[in-house]
Amino acid sequence: MTTATVPAHGTQGVGEPLAQPGRPRPRGSFATAIRDALHRPAILIALGWVVLVVVSSVLAGVLAPHDPLAQDLDNRLAGPSATYWLGTDELGRDLLSRILHGGGVLLLAALIPVVVAYLLGVPIGMFVGYVGGRADALADFVVNVLFAIPALVVVLAVSVVTDNNLPFMTVVFGVIVSGGIFRLVRASTQASRDLLYVDAARVSGVSRWTILLRHILPNVLGPLIVQGFLLYSGAFLFLTSLSFLGLGFDPQQPSWGQLVFDASAHLDDDPWLMVPIGLVLIATVAALNYLGNSLLATLPTARRARLLTPPRRPVLPPEAAAGTVPEGRRTPAAAEPADTDVPLVVEDLVVSFRTPEGGWQPVVDGVSFAVHRGETLCLVGESGCGKTMTALATLGLLPEGGAAAGSVRLAGRELLDLSEREMAQVRGSQIALISQEPMGALDPCFSVRSQLGDVVKLHRGGSRAEVRRRVHELLRLVGIPNAESVAKSFPHQLSGGMAQRVCIALALAGEPSVLVADEPTTALDPTIQAEILDLLRSLQETLGLALVLVTHDLGVVADIGDVAAVMYAGQVVELAPVDELLAAPRHPYSQGLLDAMPEDAVRGVPLPTVAGMVPLPKDWPGWCRFAARCPLAVDACREGPVPLLAVQADRTSRCIRTDELARSQELATTGVTP
Amino acid sequence: MTRFVLRRLAVAVPLLLIVAAISFFLVQLVPGSPAAAILGNTATQEQVDTLEQSLGLDQPVLSQFGQWLGHALQGNLGASYTTGQSVSDALAQSVAPTLSLAILSTLLTLVVGLVLGMAAAVRGGRTDRLVQWTGSLGMAIPNFWLAALLIFVFAIKLSLFPAIGYAELGTDGIGPWISHLVLPIIALSAVNLGQIAFQARAAFTDALSRDYVRTLHATGVPRRRVLYKHVLRNASVPVVQVTGLTFIFTLGGVVVLELIFTLPGMGNLMLRSVQNHDFSVVQGGVLYFSLVVVLVNLVIDVATAALDPRVRVR
């Protein structure tokens, strides 16, 4: 017996490549998804079988070649023949006719539990989810009771009490399984209860039931249909079990479970009896399950990329390794590879992801930079510019489907050529990562001491006492005074700021020389943000770390950065010392970001923004990628790819209009409007 | 942890009381008198009255319930209406085959389902498709039909295992005991295995995409340790929970399979009593089965709490 209390993600995502790394896959509406599904042959076969079964059950009286009860005692247990296509049973009754007649009541009766579960689960779930409080607690308790009731055993008891009354038994089964529908509706109602449009409807005085029906029900309709389908298939299997046990169904009339029971008595002298009925049952349940699971797969889900590294690191094929901009490559490296003062050098880095069509889509396109000891390099830009992918590529931690080419040298050693096993030894001990969401970055099942201790042990070894001492030392290093009690905590017991400190301690445990921080303060409160930045700065000074910091916030750059690499659409568009960049940006995109800083906002004047959006990688033009949003763009900007041009000794910009930009800045500071 | 277990027990007790009440009052729904149902159509009113009196059925319903509950708490569920045997004794004698089958099958599906789901989620590609197809097939085969097939192949044709019957673990030893259970366990596990493997696949897919996987990698923890220590533990939490939810359906399967394999368990006892209109045994049986469900769910709650500290505070 199968139940549908928890959606099984059956056929979902089989071999489907990810459209966008790390982002939810865009999905059409439920209706379009169903229309698409109807074009798949497997779905049509399953649907065709179900229709065939239903139609032939309805028309059994016409289709059946014999009376299902007519006995032919001369032809008992006969094999298939011209008269009896599927053979006969122990009383010489025609098997085919019995199968045709034996499904109708089952298929029909299996609808009853579904209807009952809907009638109970939907209104109660909506009401209780909406009002909450005691009604919610009570309903929850009742559902817990239902989940503790062994369905078949209770239905057995009901059968003796009601003298084998099938409708009554199916209603009871429906009540028992209604808990699944109830929970689904309640969760969805709770989720949409506080949405803005529901609030608006409430304020405008629309009645409670109108709100529930008009605003909340449509949200849950898709999952409800799917759940109902899986429930039906479960109820069908349940009822065939009852029929097998000889309960609920008229023993005089054939029914599918009972046919299996009859056949099982003749396993030794006529095993053939098992075959036709078995195939019919299996095909029917399989078709119902397949349809249900395919429906389930049409529901919108956020499928995230796997983050476990593959055993072998993927390599970009040569044609993809060049990225999209062959000219202007080989940007001058900032330092000699073996220079110990420059621990991290990235050159012409290309990161690509596999497309559904089997090709490669670059998302980082020829990025180069170098970070000195004790220096902070900021990767700045809006979301979707490739900052995070650049950062992750340096550690060899791209999500599933991604691969990197170019050069990432750590203390002179080429990291992109290392195997996964060699790379694992580099991670933590030479280069480490601090990620954006500190709560999600810690394994919820292990205590801080256990996670931190594991890493300490991995890198330095030592006795339990030594490891424990080092754990406390690390926690104090990241500014946690009550190290003992924090060490004992589990991640869910920590605040966001505390969790981020623990993450920093984790990153420092192997004493790396390079620290990559991916938006380390974005998920935190503003006051905590400043504390964490202070901590990073002081750690960097005392430990002499090279820090790569990914951020979209120029305020953070101004606060902590030494060098800034402004990224746009997978490329570095401006590379400059931070104070010079802030004083006089040499790329219109940098200027736009600077203008949009809330720190410079004038009261009453709307905050300027860079109009438009970062283009998706597949929409990158073959010329300046910022041209579409650039106030200074001219025809020359759309003639071809723009290389990184030196504007000063230590500054480069991917713009041919830097002079124009400088002139407009001068005008702005002198206050003369052109 | 102790507090967590106590809290769960505190929820389990009222739950059991309610189930007890349901199983008692269910019988009160019988149209007409149970005594008449037991005696059949040919009985005279006088015979019915006498039987009612001797069974205590002439008392008011609430006082019957109080009496029954009081006795039930002392482990006395009354006597069988048909055989006169003590219901508690009858159930106690038949509990071993039922529990052996249900628990062994649950453990088997949990372990194999986790392995299959993990392989599907981690390896993807062909392994994934293979697991999904076999899982879907397993879920589509009715357990009673699979049982017949297994008997035909492994008992009748190959004579590897006995077709029917049961051997006591205590008196007959572990060999005969397990050999009588192999076929029923396989038949019972097929459906659940697909279910659990799909859940495990979803749970592993989810756990593999969590940020801590990246953190662990970034600190230098090798791939295998990330997988077998961290991802495995996180993914098993929802899988173990779902195993609890499907256990009530496993028990339903046990009833069916006891009939086919003629195991002297609670399911067969229930079926016999249902046919004989033996209400007191049916009542006791429902209570026993519910007790098993509640206890198993308690064990599962404790197991998930041991795996995941977040569960402990709930």
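Leu47(A) sits in helix H2 of chain A, where helices are DSSP runs of H or I with at least four residues, strands are runs of E with at least two, and both are numbered from the N terminus. Because its relative accessible area is 34%, Leu47(A) counts as partly exposed; buried means under 20%, exposed over 50%, and partly exposed lies in between (1.4 Å probe, protein chains only).

This is a predicted model, in which local features need pLDDT of at least 70, side-chain atom pairs count only at pLDDT 80 or more, and totals for chains, interfaces and linings use all residues. Residues are numbered from 1 along each chain as its sequence is written, chains are lettered from A, and side-chain values use heavy atoms, without hydrogens and water.

Back on the surface, Leu47(A) belongs to a nonpolar patch with about 850 Å² of accessible area together, whose members include Leu38(A), Val51(A) and Leu63(A). Patch residues have over 30% relative accessible area and no salt bridge, and nonpolar side chains are joined within 5 Å. A salt bridge would be a side-chain nitrogen of Lys or Arg within 4 Å of a carboxyl oxygen of Asp or Glu. H2(A) gives the largest share of the patch, six residues.

For a contrast in cover, turn to strand S10 (residues 571-577) of chain A, where six of the seven residues are buried. Strand S9 (residues 563-568) runs antiparallel to S10(A), joined by six bridges; strands pair if DSSP finds at least two bridges between them. Two residues separate S9(A) and S10(A) in a hairpin, and Ala569(A) in the turn has a positive phi of about 50°. Leu575(A) is the bridge partner of Ala565(A) and also of Thr652(A) in S12(A).

Key
Patches are made of residues with over 30% relative accessible area and no salt bridge: like charges are joined within 9 Å, nonpolar side chains (Val, Leu, Ile, Met, Phe, Trp, Tyr) within 5 Å. Accessible areas come from the Shrake-Rupley method with a 1.4 Å probe; for residues, only the protein chains shown count as cover.
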